[in-house]
Amino acid sequence: GQGGVFLDDIHVVITDATKNTVLTTDTEGPILMAKLKPGKYAVTADVQGITKTQNLTIKKSGQTNITIRFPIGE
């Protein structure tokens, strides 16, 4: 959340470039780690009725990190 507040119980859906769902989960903490094949994805996160989507590209090696912030806990 805003101001550095960590959130949990976030509904997350990850879809690939062809809009196929590759992961659906509810987080138990502020961090979600997922092993995805190289490619382009959209990560949609929903918490307390607020939905945000962020695109990401997974390369053949290394890690990819994204942060999604919500206007909660200001």
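**Notes on the fold**

1. Strands β1 and β2 run antiparallel and are joined by 5 bridges. Two strands are taken as paired if DSSP finds at least two bridges between them. Strands (E, at least two residues) and helices (H or I, at least four residues) are DSSP runs, numbered from the N terminus. Within this pair, V13 has T24 of β2 as its bridge partner, and H11 is bridged to D26 of β2.

2. On the basis of the work: this is a predicted model, in which local features need pLDDT of at least 70 and side-chain atom pairs count only at pLDDT 80 or more, while totals for chains, interfaces and linings use all residues. Residues are numbered from 1 along each chain as its sequence is written, and side-chain values use heavy atoms, with hydrogens and water left out.

3. The chain has 4 strands and 0 helices. Along the sequence the pattern reads β-β-β-β.

4. The 4 strands form an open sheet in the order β2-β1-β3-β4, with antiparallel pairing. β2 (21–26) and β4 stand at the edges with a single partner strand each, so one side of each has no neighbour in the sheet. Direction ignored, neighbouring strands of this sheet are turned by 15° against each other on average; the axes behind this angle are lines fitted to C-alpha atoms, for helices over the stretch in contact, and angles run from 0 to 180 degrees between N-to-C directions.

5. β1 also pairs with β3: 6 bridges join the two, which run antiparallel. Here H11 stands opposite D46 in β3.

6. Which residues make up the largest nonpolar core? It has 12 residues: L7, I10, V12, I14, Y41, V43, A45, V47, L56, I58, F70 and I72. Such a core is a set of buried Ala, Val, Leu, Ile, Met, Phe, Trp, Tyr and Cys residues joined through side-chain atoms within 4.5 Å. Two or more residues of this core come from each of β1 (11–16), β3 (39–47) and β4 (50–58). β3 gives the largest share, 4 residues. In soluble globular proteins, nonpolar side chains tend to be buried together.

7. Not counting residues up to four places away in sequence, I14 touches N20, T21, V22, L23, L36, Y41, A42 and V43. T15 lies in strand β1 and counts as buried because its relative accessibility is 15%; buried means under 20% relative accessible area, exposed over 50%, and partly exposed in between (1.4 Å probe, protein chains only). With sequence neighbours up to four places away left out, T15 touches N20, T21, V22, K40, Y41 and A42.

8. I58 is in strand β4. Is I58 buried or exposed? Its relative accessibility is 16%, so I58 counts as buried. Apart from neighbours within four places in sequence, I58 is in contact with L36, K37, P38, G39, Y41 and T64. I58 and E28 are 30 residues apart in sequence, and their C-alpha atoms are 24 Å apart in space.

9. Most residues other than glycine have a negative phi. K19, not a glycine, has a positive phi of about 70°. K19 is in the loop between β1 and β2, a hairpin with 4 residues between the strands, and counts as exposed at 68% relative accessibility. Q48, also a residue other than glycine, has a positive phi near 50°. Q48 lies in the loop between β3 and β4 and is exposed, with a relative accessible area of 64%.

10. As for the whole chain, the C-alpha trace spans about 35 × 25 × 20 Å along its principal axes. Of the 74 residues, 23% count as buried. Of the contacts with a separation of 6 or more, 35% are between residues 24 or more positions apart. The accessible surface comes to about 5,600 Å², of which 49% belongs to carbon and sulfur atoms; accessible areas come from the Shrake-Rupley method with a 1.4 Å probe, and for residues only the protein chains shown count as cover.

Terms used:
Contact = heavy atoms within 4.5 Å.
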